[in-house]
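Student: Hi! Could you walk me through this structure? I'm new to it.

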Amino acid sequence: MEIALILLIIVVIFITRSVKVVPQQNAWVVERLGKYHTTLSPGLNFLVPFIDRVAYKHSLKEIPLDVPSQVCITRDNTQLQVDG
């Protein structure tokens, strides 16, 4: 009984370390033994447990930047305020 319980715990650990679900608009970088191996795309992915690890989780969402308004001068010397 004890061996079956230990075996069940080991199997659960292997499954949780090998199956990864990457959310949409994300990309995860995988290292194999400390060196870049691949990039996981969104969806269900499988890794080799204890050899592969997720090193970085990158968001692919666009980040809006606020552009301050600027004063421009046209060819006929008219000042124009431009906002991005």
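Tutor: Happy to. One term before we start: two residues are in contact when heavy atoms of theirs lie within 4.5 Å. Also keep in mind that this is a predicted model.

Student: Where is Asn-45, and is it buried or exposed?

Tutor: Asn-45 is in strand β4. Its relative accessible area is 13%, so it is buried.

Student: And what does its side chain reach?

Tutor: The side chain of Asn-45 reaches the backbone oxygen of Ser-41 at 3.0 Å. It also reaches the backbone oxygen of Gly-43, at 3.1 Å.

Student: New topic. Which residues make up the largest nonpolar core?

Tutor: That core has five residues: Val-22, Trp-28, Val-30, Leu-40 and Leu-47. Val-22 and Leu-40 are also among the residues that Asn-45 touches.

Student: What is Val-30 in contact with, leaving aside its neighbours within four places in sequence?

Tutor: Two of its partners are the core residues Leu-40 and Leu-47. Val-30 is also in contact with Lys-35, Tyr-36, His-37, Thr-38, Asp-52 and Arg-53.

Student: What sits over the ring of Trp-28?

Tutor: The charged end of Lys-57 does, 4.5 Å from the centre of the ring.

Student: How many salt bridges does the structure hold?

Tutor: There are two. In one of them, Asp-52 pairs with Arg-32, and the closest N and O atoms are 2.7 Å apart. Asp-52 lies in strand β5 and Arg-32 in strand β2, so this pair ties together parts that are 20 residues apart in sequence.

Student: Are those two buried or exposed?

Tutor: Asp-52 is buried, at 5% relative accessibility. Arg-32 is partly exposed, with a relative accessible area of 32%.

Student: What else is Asp-52 in contact with, again leaving aside neighbours within four places in sequence?

Tutor: Besides Arg-32, Asp-52 is in contact with Arg-17, Val-30, Glu-31 and Leu-47.

Student: And which residues form the other salt bridge?

Tutor: Glu-31 and Arg-53, with their closest N and O atoms 3.1 Å apart. Glu-31 is in strand β2 and Arg-53 in strand β5, 22 residues apart, so the pair links distant parts of the chain. Arg-53 has a relative accessible area of 46% and is partly exposed.

Student: How many aromatic pairs are there?

Tutor: A search of the whole structure finds one. Phe-14 and Phe-50 form an edge-to-face pair, 5.2 Å centre to centre and with 75° between the planes. Phe-14 lies in helix α1 and Phe-50 in the loop between β4 and β5, so the pair ties together parts that are 36 residues apart in sequence. Phe-14 is partly exposed at 38% relative accessibility, and Phe-50 is partly exposed at 48%.

Notes: Residues are numbered from 1 along each chain as its sequence is written. This is a predicted model: local features need pLDDT of at least 70, side-chain atom pairs count only at pLDDT 80 or more; totals for chains, interfaces and linings use all residues. Side-chain values use heavy atoms; hydrogens and water are left out. A nonpolar core is a set of buried Ala, Val, Leu, Ile, Met, Phe, Trp, Tyr and Cys residues joined through side-chain atoms within 4.5 Å. Buried means under 20% relative accessible area, exposed over 50%, partly exposed in between (1.4 Å probe, protein chains only). Rings of Phe, Tyr and Trp (its six-membered ring) pair if their centres lie within 6.5 Å; planes under 30 degrees apart count as stacked, over 60 as edge-to-face and the rest as tilted. Helices (H or I, at least four residues) and strands (E, at least two) are DSSP runs, numbered from the N terminus. A charge sits over a ring if NZ of Lys or CZ of Arg is within 6 Å of the ring centre and within 35 degrees of the ring normal. A polar contact is a pair of N or O atoms within 3.5 Å; within protein, one must be able to donate a hydrogen and the other to accept it, and residues adjacent in sequence count only if both atoms are side-chain atoms. A salt bridge is a side-chain nitrogen of Lys or Arg within 4 Å of a carboxyl oxygen of Asp or Glu.
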